[in-house]
Amino acid sequence: MTIHVNGRPVSKHPRAEQCLRTFLRENGFFGVKKGCDAGDCGACTVHVDGMPVHSCLYPAHRAVGRSVTTIEGLADGETLSPVQQKFVEAQGFQCGFCTAGMIMTVDKLTASQLDDLPAALKGNLCRCTGYRAIEDAICGIRHTEASAPGDAVGHNLMAPASCRIVTGREPYTLDTDMTGVLHLKLLRSPYAHARIVAIDKSAALAVPGVHLILTHEDAPPVLFSSGLHELDSDDPPDTLVLDSIVRFIGQRIAAVVADTEAAAEEACRKLDVTYELLPAIFDPLAAMQPGAPLLHNDPRKTATQPHRNIVAELHGDIGDSDAGFAAADSIHEGVYESQRVQHTHLETHASLAWVDDDGRLNVRTSSQVPFLARRRLATLFGLDPNRIRVICARVGGGFGGKQELLTEDITTLAALRLKRPVKLEFTREEQFIGATTRHPMQVRIRLGAKKDGALTAIEMDVVSNTGAYGNHAPGVLFHGCNESVALYKCPNKRITGYAVYTNAVPSGAFRGYGLSQINFAIESAIDELARTLAIDPFEMRRRNVVQPGDRMLAYNEHPHDVEFGSYGLDQCLDLAERALARDPGPTVDPSKWQTGEGMAIGMLDTIPPRGHHANVEARLVADGAYEIATGTAEFGNGTTTVHAQLAATALNTDVGRIRVVQSDTDKSGYDTGAFGSTGTVVAGKATFAAATLLKARVIARAAALMKVPEQSCTLVADAVISGNARISLEEIARESGISARGQDGGSPRSVTFNVQAFKVAVHRVTGVVRILKSVHAADAGTVINPMQCRGQIEGGVAQAIGAALYEHVDIDESGRVTTNTLRGYHIPAFADIPRTEVLFADTSDALGPLGAKSMSESPFNPVAAALANAIRDATGRRFFATPLAADKIYARTET
């Protein structure tokens, strides 16, 4: 008896207790994705005898004698199935990791199920899109369009990988078949703070198939940070590959490498570790007090005040805040709290490391920053960076969580020891307990204003909980307190902030990088002032926001390189206000529901400070097509599409002739990485510069070959013409290769603006919040791909709604993460998310490529405050902490 997969027998028999997903992937069907291990996400959906199943829950032996169809078998050769075609035409994906499973489910929906998509898709999760594009795909709504040569910008061109994504042929990190791969598993700490006294490996080494066990005694004694930036000094070096001190439950203690995952897991269970328990602390306010347990007191670590567990601190003063409050007619004070949130990208952290025949280290990894990862590995292991190659295939989501070194170092250590390929893939539980979260923050804020609404003083005290390690702690604190405050012109500002160590799972880079937490406090406080002064909330912002000609000042008057490359905040306010008034959404029974409206705004610097670099090479290749080699990674941010459109515009060709080679340190020039919303405004500028220079060189070569003046030549889609003379790009390329390089250093920097508005209904009895209307207005400059940019905004708003209403990483009194499954954590499903009306300001940025600005992370930032303000309008009560969960609202509204 065999299993027939996509019409062909698979001779290999499943192992005992093996799930169908693992069996299929081991046989090369990589379109079947691993996202959760528990049947929660649907990324592994396949058909068994025509019925969709979650293959991670389906025992492989039950498929014996049955017919299994994976995403690879849904198409008829090169002809896409109707559902696959619809997903291409609507671009019903972003990172695409969930897409195969989503298509397999949709393919079998009945007519009645199609009429109730919230119920039909409850078993399939998407973290990127906000589901609108998926619904459009199911309904057959087409968004993609064609463009004429040289006219790519401004058009809804489909992602170059579209057909590969919907057929399961686009490879992600571990979608590769390498002979002799060993499996690495991690033993993690059961204690929040302890010293490792001894580790007995004997029983673990006796497990058949075990090749190597690594502990702190085997790891390099080099301190580093898992956070990765252009400047290593941005993050404190407080981490070791394996440490003799553990500082949170879930920290790795040992690594086991074996022939199979099962053997590695069994060996982990048999490691006998002796601990000396140390006192732990979880409250950042208490952690700063004298006598609190200290997490890092090694003088080599560069925390600001290690004797008080302070990683970084900020003290800023502009003007005279005391005088500003004395002059105020109204003052609002409050303490606002934002919780831990997990990135929950569906592809977990993973890497594969090996040493090739030339002795070079190769690392294939799920990362937003391949060049920074290469540099950090070189430092850790004393290697020449040129002897390391880091490759990123398509990455299954990131949201800042993959700006970390969380798997690459340990797989590298094992591969260097064994000279064998070594693979590590986080389980979903490990993603919750051993990766990073958003920084929880407490913000004490005080605002003063005159009767006309003019702000007189802003005072803010921030405490950021960075957890056990300081990766990104300084940057998140300083960035969070920057644009959120600089957005408002106020003569008097006083800001104090602390990032504090605690014995909790580490915090890290997260979409918005601190702005969502601070924005929640400031925009809620502005709303309270507007209510007290009886000023419309839109008008309150208009009277106080910075405008061209104003200095953007947060907490000091130091010079900076941020400027108004364009300004569309006024348009965004008008667009959102008019949209909310024009269509407030469905009506509800006022005897059961209280309704209200709310809004909030945000500003974001389009690039991180102190340099962000991209170097791109554009080449004319032998078949007359163009190749763009860029180091920036594609993880649903859409940069591959944008770079193809920019290059096609510069080269006066169609995007089908542009091939983008990316995120491989051997195949492109240096790139700082895809974070801080830089894929378009830094790497994109470098791409456009390289393509523009290549155009000139192609014309020069063609003119020489045709023996005509360069001035008479025109580059068209597939040739250069001069009068009646014509030479094809293939002929030009055949003579010799032509290439050009472009680069950008990320300075000066522009700003982008976002306005979010909601109408909500709050149930009078249960406290449940229903979103009746969602509007988002964005100043993205020239929108290179409106369909794609709209998708980024919808996805950002959807993720932020989850963070505002119900997502929370819970830690118990011992420091253990208890929300360690997708089912227990609850990211938004199809049924949870309203359609957001997305509106764009009409601007063109002087600093971005062809007038474009960044947009990927900024839509997230104003959402929580806008929802809180709408709930305040509905209930008459201000809620000071997220998530704004029904039980919290119920406790305040049941009277």
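1. Leaving aside residues up to four places away in sequence, F23 touches I3, V10, K12, H13, P14, Q18 and A60; contact here means heavy atoms within 4.5 Å. F23 is found in helix α1 (residues 20-26). F23 counts as buried because its relative accessibility is 0%, where buried means under 20% relative accessible area, exposed over 50% and partly exposed in between, with a 1.4 Å probe and protein chains only. A60 is 37 residues from F23 along the chain, and the C-alpha atoms of the two are separated by 6.6 Å.

2. Some ground rules follow. This is a predicted model, in which local features need pLDDT of at least 70 and side-chain atom pairs count only at pLDDT 80 or more, while totals for chains, interfaces and linings use all residues. Residues are numbered from 1 along each chain as its sequence is written, and side-chain values use heavy atoms, with hydrogens and water left out. Helices (H or I, at least four residues) and strands (E, at least two) are DSSP runs, numbered from the N terminus.

3. An open sheet has seven strands in the order β8-β10-β6-β17-β14-β15-β16, and its pairing is mixed. Two strands pair if DSSP finds at least two bridges between them. At the edges are β8 (210-214) and β16 (388-391), each of which pairs on one side only. From one strand to the next, the twist averages 20 degrees.

4. N362 has R389 in β16 as its bridge partner. Elsewhere on the sheet, helix α9 (residues 261-270) lies across β6 (182-188), β8 and β10 (252-258), and runs at about 25 degrees to β6. Axes are lines fitted to C-alpha atoms, for helices over the stretch in contact, and angles run from 0 to 180 degrees between N-to-C directions.

5. Which strands pair with β20? Strand β12 (residues 310-318) is antiparallel to β20, with eight bridges joining the two, and I310 stands opposite V500. Strand β19 (residues 455-467) pairs with β20 in the parallel sense over nine bridges. Within that pairing, S464 stands opposite A499 and N465 has V500 as its bridge partner. Strand β20 (residues 493-501) is mostly covered, with eight of its nine residues buried.

6. Strand β19 is largely enclosed by the rest of the structure, because 12 of its 13 residues are buried. Strand β18 (residues 441-449) runs antiparallel to β19, and nine bridges join them; Q442 stands opposite V463 in β19. The two strands form a hairpin with five residues between them, and G453 in the turn has a positive phi of about 95 degrees.

7. How do the axes of α20 and α21 cross? Helix α20 (residues 639-650) and helix α21 (residues 679-706) have axes that come within 8 Å and cross at roughly 30 degrees. That makes α20 roughly parallel to α21, since angles under 35 degrees count as roughly parallel, over 145 as roughly antiparallel, 65 to 115 as roughly perpendicular and the rest as oblique. T639, V642, H643, L646, A647 and A650 in α20 meet residues of α21 that include G679, A683, F688 and K695.
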